[in-house]
Amino acid sequence: MTSLDRPADWWKSAVVYQIYPRSFMDSNGDGVGDIPGITSRLDYLRRLGIDVLWLSPVYASPMDDNGYDISDYQDVDPLFGTLADLDALIAGCHERGMKVVMDLVVNHTSDEHPWFVESRDPGSPKRNWYWWRPPREGHAGGADGAEPTNWESAFSGSAWAYDERSGEYYLHLFSRKQPDLNWENPEVRAAIHEMMRWWVARGVDGFRMDVINLISKQPDLPDGRVPEGRTYAPAFDSVANGPRLHEFLQEMHREVGLSEHGLLTVGEMPGSTVELARDVTDPARNELNMVFTFEHVALDQDPGGSKWELADLPLPVLKANLDTWQRGLADVGWNSLYWDNHDQPRAVSRFGDDSPPHRVHSAKTLGTVLHLHKGTPYVYQGEELGMTNTYFTDIAQYRDIEAINHHSDAVSLGLAVEVVLEALSVKGRDNARTPMQWDDSPHAGFSDAEPWLPANPNKSEINAAAAVADPDSVFHHYRRLIELRHLHPAVAEGRFRLLLPDDLQIWTFTRTLDEEALLVLANCSSEPATVDPGDVPGLNGATILLGTHEGRDGLDLAPWESRVYVLAD
Ligand code: TEU
């Protein structure tokens, strides 16, 4: 793949499909998805019309966090296949005009990565490749409160692990088996740039960068504010968006040739703001193309609370947040657009209505609203089928380290088990990680063997085979949405304007580019809704480009009905 095949800003009119390899397709009957399995399904993805595959990690890993703990960046884990299998997948994509984006997990490695194994030796030149610190002054190593800072890991407990042998602690913002790399050390940065160039030379078309705004830590490692009733302070508040973040991103851009090679780059940035995103995605600053903000996926929780403290999400709040990002990056930078991924619950269960009468329409309408915003849309595997949460009822059903650690931590702090399980059932990451539902066979066509996580029983109704065969399915609606983006420049580049911001049911906005003006009119509620003619200018004489309810038009909208209009000149 040459830069010819990656014209400038190609990713602005592209749609990205995220694959979680463990759960997409198993080709060797071990119950775990793999790379040859993905390759066997490329024609399905081609039919959907997506332009890019984002692969969650497939690198060598002890799988403490399902691959986000890497022990060799330049090899594929045997669970997923071989480097040759990956080359075949990349070639298969390129033959079909699709590109491949790899997951770059360089805020931390696995504790089984040779770099860290060496770093454990206090005398090793690799000691300063990680964050080693002595116990807090006046405390004996390993004692309560002896951790160098009061930070909490994202997976519960302290973010520091004590190493008896060296008498020091190492930092891990995620699990103990995910020690943070010290990006202050230029040797670390050079090694990562070299590894990225190696993948570019293998033909990959871009990188999704894991928690990339955590790589620059506040040099004095300040303690954080401990919320009431908690032992530790949320670490992200103390480490996110550090003083050298932009310097490190610009250096990476230069050393790897991110725009020279026309690569798609998107940075996952928990705690990122519009202001930060404007700087990071401003092409004049040579950092990244896009960021993943977490603002819109943190609105259904108590403000200042954790994701487990559930809260209602009135539609105007969600509309306002996406509108803020649309206006914030209207003149500089570029937005990413997503409802879910491998860390978030299923979109239709969270933002739609997954009950049988409304699941299909709400899945379609969520797609319409998101894909007609300005930015690059990301479709998470199964979203194009309207796959739902699984709603586990017992902690024994969970496989995700975040869920398992949160459960034991919360229960040990006295929270009622049923309250913890309720929050896990609607917010747990395993909801996104059940096998892809290809058909209604025992393991949903994902595998011939018992999967690592059981398939959602609703595979009998919700599966790709049925969806592809049904022209009115969520699948074909997503296919038409993607087609719309490829055919109408206004979908990619049109100026965004939100209408009726305070309406509790209606989400409506326009996209305007030169002579073309599009209007999206969506009822995002499970009750009928009506709009006043005055509220939606240009509806008279407008033509429906895509609707969820065949043959309907006018001011009345059925539950979860949406229409995309091209407005008359
Ligand atoms: O996620 C970062 C992150 O912020 C999430 O873990 C978040 O804390 C939570 O799961 C969602 O509320 C990235 C990867 O996407 C995730 O899968 C990894 O577990 C994590 O980094 C560590 O690599």
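Select Thr-510 and display its surroundings. Apart from neighbours within four places in sequence, Thr-510 is in contact with Arg-495, Phe-496, Arg-497, Leu-499, Leu-518 and Leu-519. Thr-510 belongs to strand S17. Is Thr-510 buried or exposed? In this predicted model, the relative accessible area of Thr-510 is 8%; buried means under 20%, so Thr-510 counts as buried.

**The eight-stranded sheet**

Next, colour the strands of the open sheet. In what order do its eight strands lie? The order is S13-S12-S10-S5-S2-S1-S15-S14, and the pairing is parallel. Strands S13 and S14 form the edges, since each of them pairs on one side only.

Now select S5, residues 99-104. How many of the six residues of S5 are buried? Six of the six are, so S5 is largely enclosed by the rest of the structure.

Strand S2, residues 52-55, runs parallel to S5 and is joined to it by four bridges. In this pairing, Val-52 is opposite Lys-99 of S5. S10 also runs parallel to S5, again with four bridges between them. Here Met-102 stands opposite Phe-207 in S10.

Continue from S10 (residues 206-209) to strand S12 (residues 264-268): these two strands are parallel and are connected by four bridges. To see one of these pairings, select Met-209, whose bridge partner in S12 is Gly-267.

Then show helix H5, residues 186-201. This helix lies across S5 and S10, and runs at about 135° to S10.

**Helices H8 and H9**

Select helix H8 (residues 274-281) together with helix H9 (residues 315-328). Two packed helices are described by the angle between their axes and the distance between the axes. For H8 and H9, the angle is about 35° and the axes are 10 Å apart. The crossing of H8 past H9 is right-handed. Which residues make this contact? From H8 they are Val-274, Ala-277 and Arg-278, and from H9 they are Thr-324, Trp-325 and Gly-328. Sorted by class, the contact has three nonpolar residues, two polar and one charged.

Keep H9 selected and view it from end to end. With 14 residues, H9 reaches 20 Å from its first C-alpha to its last, close to the 20 Å expected at 1.5 Å a residue. H9 is mostly covered, with ten of its 14 residues buried. Among the buried residues are Leu-315, Lys-319, Asp-323 and Trp-325. What do the buried residues of H9 pack against? Their partners include H8, strand S13 (290-292), strand S14 (336-337) and helix H11 (359-371). Strand S16 (495-499) and strand S17 (506-513) are also among these partners; S17 is the strand that holds Thr-510, where the tour began.

**Helix H13**

Finally, select helix H13, residues 417-427. Its buried residues are Val-420, Leu-421, Ala-423, Leu-424, Ser-425 and Lys-427. Display helix H10 (347-350) and helix H12 (401-412) as well, for both are included in what covers the buried residues of H13.

Technical notes:
Residues numbered from 1 in each chain as written. Predicted model: local features only at pLDDT ≥ 70, side-chain atom pairs only at ≥ 80, totals over all residues. Heavy atoms only, no water. Axes fitted to C-alpha atoms, helices over the stretch in contact; angles between N-to-C directions. Left-handed = near helix turned anticlockwise from the far one by under 90°. Contact = heavy atoms within 4.5 Å. Nonpolar A, V, L, I, M, F, W, Y, C, P; charged D, E, K, R; others polar. Expected span 1.5 Å × (residues − 1). Buried < 20%, exposed > 50% of the residue type's maximum accessible area, 1.4 Å probe, protein only. Pairing = 2+ DSSP bridges.
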